[in-house]
Amino acid sequence: MHFFRYRGKRFHAEGVPVERIAEEVGTPVFVYSHRTLVRHYKAFDGAFKRVPHLICYSVKANSNIAVLKTFARAGSGFDIVSGGELFRVVKAGGDVRKVVFSGVGKRDDEIEYAIRKRILMFNVESPQELGRIDCIAGRLKKRAGVAIRVNPDVDPKTHPYISTGLKKNKFGIETEEAVKVYVHARDNLKNIELMGVDCHIGSQITELAPFIDALKKTKKLIGVLRKEGIDIRYLNMGGGLGITYDTEEPPHPSKYGREVIKNAEGLDVTLIFEPGRSIVGNAGILVTRVLYTKKGSLKNFIITDAAMNDLPRPSLYGSYHAIKPARIKASEEITADVVGPICESGDFLARDRELSAVEPGDLLVVMSAGAYCFSMSSNYNSRTRAAEVMVKGRDFFVIRKRETVRDLTRGEVLPQGLF
Ligand code: LLP
């Protein structure tokens, strides 16, 4: 449940009308609800209160340091996929002892930074990567905690771009091969501390069955490893729990929790989870202003000041985000494409959407914009990135200033020798 709703005719984020935020901060602007973030975190964490567990919020979903600090304060750990994300966690005051580092392409400098910071463990995705971690840890005279990310070959039944646990995907090590990698590490890699088994099968998963299939496979693997004398203490189930954008009915975290706990019974491990979307997705919205409306012979267009560079999910995955007016007014229902100013026909926020007619200057709210929206935004078409705001009760705070044109050319040079 989130805290965005109409009070009277005006759409509010907690106690603040979004019109007020747009007036003061401008548009497009992302607005997050502090109360929703904390509530969602607690719902996930609470689902596992009966068993030893660690929630590692997946930074990639929304990496603003004020968002990270909110979760750090609530006791969260963090799932990172780059040195940049670790830097953010440190800056936000996150506990590095609760950090797990995933990703198929970790660079030496990133591995070294993570070892120096003493993160909890690496989720290792290939034998070569494991070799690099052992070598770098040896050079630093430290031991690196490791889980091998296994690819359980389970179909998560989600968009192909965000399915990760199938043999054809680049992620993880196939289960049979993984045993050999663990044994090799046990016997030969002295700077590696084998601690866990990791698996993440995809994102926006709306059924329980794929999670439970993956859990059963990893459970079997843990049994095999223990027979080999490898002391597995952590099972990382990754992230992936879906949310409602439109009509999806994903399981509530409490149901997910009950099923996972039931199927993990007797394993005697600390469970790790890496939720991103299920915590932040519905805790954020994007507020955008209508610039123009246009009637073609086939279609109506609503042209907004937000575009695919701000919110790339519809263009990239054809995904649905609900769109509502910031103020309800009596107007006819129309069907329109909601599009941005970018010079591509793929630049849309919604297609063939039924909504009430709007005029230039009206504000629209794009729902479910807390996850993978700002964090995937870009400067394409030399558009400055949007501001981000956090609402708490009746107050709101800018947590990222709107970029200026000066930010656009920062780092670019006109070398004398070239001209
Ligand atoms: N752990 C790992 C290893 C991951 O790769 C991901 C997401 C997560 C955890 C968090 O998954 P979540 O709980 O958020 O589903 N840009 C796409 C989503 C990409 C997901 C990438 N990995 C989108 O906008 O739908």
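A salt bridge here is a side-chain nitrogen of Lys or Arg within 4 Å of a carboxyl oxygen of Asp or Glu. With that cut-off I searched the whole structure and found 25 salt bridges.

The model is predicted, so local features need pLDDT of at least 70 and side-chain atom pairs count only at pLDDT 80 or more, while totals for chains, interfaces and linings use all residues. Residues are numbered from 1 along each chain as its sequence is written, and side-chain values use heavy atoms, with hydrogens and water left out.

**Entry: domains.** I noted the division of the protein chain into domain 1 (4–31 + 281–408) and domain 2 (34–279); the bounds come from an automatic or database domain assignment. The C-alpha centres of the two domains lie 32 Å apart. I then looked up the contacts (heavy atoms within 4.5 Å). On the domain 1 side 21 residues take part, and they touch 24 residues of domain 2.

**Entry: cores.** I took a nonpolar core as a set of buried Ala, Val, Leu, Ile, Met, Phe, Trp, Tyr and Cys residues joined through side-chain atoms within 4.5 Å. Buried means under 20% relative accessible area, exposed over 50%, and partly exposed in between (1.4 Å probe, protein chains only). The largest nonpolar core has 101 residues, and Phe48, Phe122, Ile148 and Tyr256 touch the most other members. Helix α8 (residues 209–227) is the element that gives the most to this core, with seven residues. Helices (H or I, at least four residues) and strands (E, at least two) are DSSP runs, numbered from the N terminus. Domain 1 and domain 2 both give residues to this core, so it lies between them.

I listed the contacts of Tyr256, leaving aside neighbours within four places in sequence: Phe44, Phe48, Leu208, Phe211, Met237, Leu241 and Phe273.

- Arg10 and Glu19 meet through their side chains at 3.0 Å, N to O. Arg10 is partly exposed at 31% relative accessible area, whereas Glu19 is buried at 15%.
- Glu112 and Arg139 meet at 3.4 Å, N to O. The pair links distant parts of the chain, 27 residues apart, with Glu112 in helix α5 (residues 108–116) and Arg139 in helix α6 (residues 127–139).
- Glu193 and Arg233 have their closest N and O atoms 2.8 Å apart. Glu193 sits in strand β11 (residues 192–198) and Arg233 in the loop between α8 and β12 (234–236), 40 residues apart. Glu193 is partly exposed at 29%, and Arg233 is partly exposed at 32%.

**Entry: Asn263.** I found Asn263 in helix α9 (residues 253–263). Asn263 counts as buried, at 17% relative accessibility. Not counting residues up to four places away in sequence, Asn263 touches Ile212, Leu215, Lys216 and Lys219.

**Entry: surface patch.** I looked up a nonpolar patch, which is made of residues with over 30% relative accessible area and no salt bridge, with nonpolar side chains (Val, Leu, Ile, Met, Phe, Trp, Tyr) joined within 5 Å. Leu414, Leu418 and Phe419 form such a patch, with about 430 Å² of accessible area together; accessible areas come from the Shrake-Rupley method with a 1.4 Å probe. Leu418 is in the segment after α12 (405–409) and is exposed, with a relative accessible area of 59%.

Methods:
Patch = residues over 30% accessible without salt bridge, like charges linked within 9 Å, V, L, I, M, F, W, Y side chains within 5 Å.
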